[in-house]
Amino acid sequence: MCKKIKMDYTQAFQFHESTKSYGSILGLDSIRELMHELDDVWEKLEIVHVAGTNGKGSVCCFLASVLKEAGYQVGQYTSPAVFGVRDMYRLNGECILEEEYAFIMQEVADACGRMAEQGLRHPTVFEVETALAFLWFYRKKCDIILLETGMGGSMDATNLIQQPLCSIITSVSMDHMAFLGDSLTEIAEAKAGIIKEGCPVVSAVQCPQAKQVIEQKARERHAPYYTTKQIKQVSMERGKLCCLHPEFGILKLSMTGSYQAKNVSLAIEALAVLQGLGYSMQKEQICRGLEKAVWPGRFECICKHPLFYIDGAHNPAAAKQLKESLDLHFPHLRRIGIMGVMADKPYGEMLDILLPAFERIYTITPDNPRSLPAAVLAEEIQKRGGISFAEESIALACQKALKEGNDTVILAFGSLFFLNEVKQEVTGKKKGGDLL
């Protein structure tokens with residue numbers, strides 16, 4: 001028999017980290033076996049499934065805020081973790097408690113042990129994370145779950161579910177090509193894999209290649225298909241992003257990246273679908289929820305003197321959106337960058353987009369095996385005519401950037417994997433006890 005262990009939070013995190021050794025394997029067989037060991041609790045959950053390249057977390061955040069405002073018990077699962085492993089699991093906007101994380105992780109670990117005894121493959125880290133999410137949301141008796149894919153859609157562990165309330169596909173662009181394909185058509189096919197027979201699908205405005213694939217998949221699956229309404233006006237007013245929606249009028253958003261206008265429009269369309277399925281929410285609740293929504297790490301201001309922002313832009317499409325946000329918010333300020341990227345990302349394309357927006361960029365090496373060395377990134381910037389300085393640490397890069405003066409805006413970007421360290425360095429606040 002499998003020997004059970006009683007985990008505390010640190011031990012639960014250590015088990016989570018140990019599962020990274022099993023790599024990243026797309027497919028549903030292992031997650032099916034794991035959830036079967038956990039009594040297939042996912043079958044009892046009401047789920048909104050969200051895929052796409054950029055904007056998944058923000059759209060889920062808008063939805064969660066509105067549904068909470070309307071009185072629902074809302075579970076939210078997003079990845080990867082940015083500020084701590086518990087950030088991936090939220091109930092009404094609050095992270096899972098350390099004690100709950102340890103308790104649920106022990107059950108997942110025991111299930112993994114039983115699979116090993118049967119000669120089955122040990123689940124990967126994402127499969128373990130997904131199983132923990134399903135089990136926690138079931139135990140908390142959530143009314144509705146916002147479930148974000150990790151990568152792709154069709155072969156993603158979250159695609160175990162068969163009858164979502166609706167499927168949402170945010171903007172599709174080039175990313176994760178090694179796993180999903182090297183064309184927009186192939187990537188869109190992977191994302192559209194979350195569309196299920198007869199279940200409504202809501203899509204952002206897509207490029208022609210992606211739109212054709214998503215619409216075709218919706219027809220094949222007899223899935224009602226909806227697209228977003230156009231946001232006609234975007235401006236800044238007293239630190240809020242102001243958007244003019246044809247039905248809801250002017251919305252004043254706390255999430256201020258210019259790209260949030262498209263994300264909020266997608267969320268509104270999805271909320272209309274949920275209303276049609278019987279979820280009750282008043283117009284005032286929708287507006288309040290959208291305006292209250294905040295999502296850390298997405299064009300987030302972490303210091304006001306000088307202005308210091310962090311943003312998880314890590315692919316060319318996100319880089320373009322980030323440049324639009326800089327031009328909207330800070331057309332006249334000097335801009336200083338802190339940039340760190342993964343070596344397998346198209347950082348050259350990102351630099352071509354963003355480099356003209358910055359006076360200089362301090363490069364760093366994120367603490368990740370896939371990271372591009374700071375010196376290599378700095379050299380790439382210099383080849384393109386930019387000014388760059390490779391720094392030995394994130395702390396040193398932040399210290400130098402903070403000395404640039406109050407006539408600047410500093411932005412850390414390029415990967416989600418180093419934003420936590422930047423935030424701690426700049427704010428001086430350590431996440432006591434939390435692990436990443």
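Q: How many of the 17 residues of α9 are buried?
A: This is a predicted model, and a residue counts as buried when its relative accessible area is under 20%. By that cut-off, helix α9 is mostly covered. The count of buried residues in α9 is 13 of 17.

Q: How far apart are the end C-alpha atoms of helix α9 (residues 260-276)?
A: The expected span is 1.5 Å times one less than the number of residues. With 17 residues, α9 should therefore span 24 Å. The model agrees with that, as the end C-alpha atoms of α9 are 24 Å apart.

Q: Which glycine just after α9 takes a positive phi?
A: Look just past the end of the helix, where a phi of about 105 degrees turns up. The residue with that value is glycine 278.

Q: Is phenylalanine 299 buried or exposed?
A: Phenylalanine 299 sits in the loop between α10 (283-292) and β12. It has a positive phi of about 45 degrees, although it is not a glycine. Buried means under 20% relative accessible area. Phenylalanine 299 has 3% relative accessibility, so it counts as buried.

Q: Is histidine 222 buried or exposed?
A: Histidine 222 is another residue other than glycine with a positive phi, near 50 degrees. Its place is in the loop between α8 (208-220) and β8 (225-227). The cut-off for exposed is over 50%. Histidine 222 has a relative accessible area of 59%, so it is exposed.

Q: Which residue does a cis peptide bond join to histidine 305?
A: Omega of this bond is about -5 degrees.

Q: Where does proline 80 lie?
A: The peptide bond from serine 79 to proline 80 is cis, with omega near 0 degrees. As for its place in the chain, proline 80 lies in the loop between β2 (74-77) and β3 (89-91).

Q: How many of the six residues of β17 are buried?
A: Take the two faces of the strand in turn. Thr408, Ile410 and Ala412 point one way, Val409, Leu411 and Phe413 point the other way, and all are buried. The count for β17 is thus six of six, because every residue falls under the 20% cut-off.

Q: What is the bridge partner of isoleucine 310 in β17?
A: β13 and β17 pair in the parallel sense, over four bridges. In β17, isoleucine 310 has as its bridge partner alanine 412.

Q: What is the bridge partner of methionine 339 in β17, and what is it in β15?
A: Strand β14 (residues 334-339) runs parallel to β17 (residues 408-413), joined to it by six bridges. β14 also pairs with β15 (residues 360-363), again in the parallel sense, over four bridges. In β17 the partner of methionine 339 is phenylalanine 413, and in β15 the partner is threonine 363.

Q: Which helix makes a β-α-β unit with β14 and β15?
A: Strand β14 is mostly covered, with five of its six residues buried. The unit that β14 and β15 make with the helix is right-handed. The helix, residues 347-354, is α12.

How values were computed
Residues numbered from 1 in each chain as written. Predicted model: local features only at pLDDT ≥ 70, side-chain atom pairs only at ≥ 80, totals over all residues. Heavy atoms only, no water. Buried < 20%, exposed > 50% of the residue type's maximum accessible area, 1.4 Å probe, protein only. Pairing = 2+ DSSP bridges. Right-handed = clockwise from strand over helix to strand, strands pointing away.
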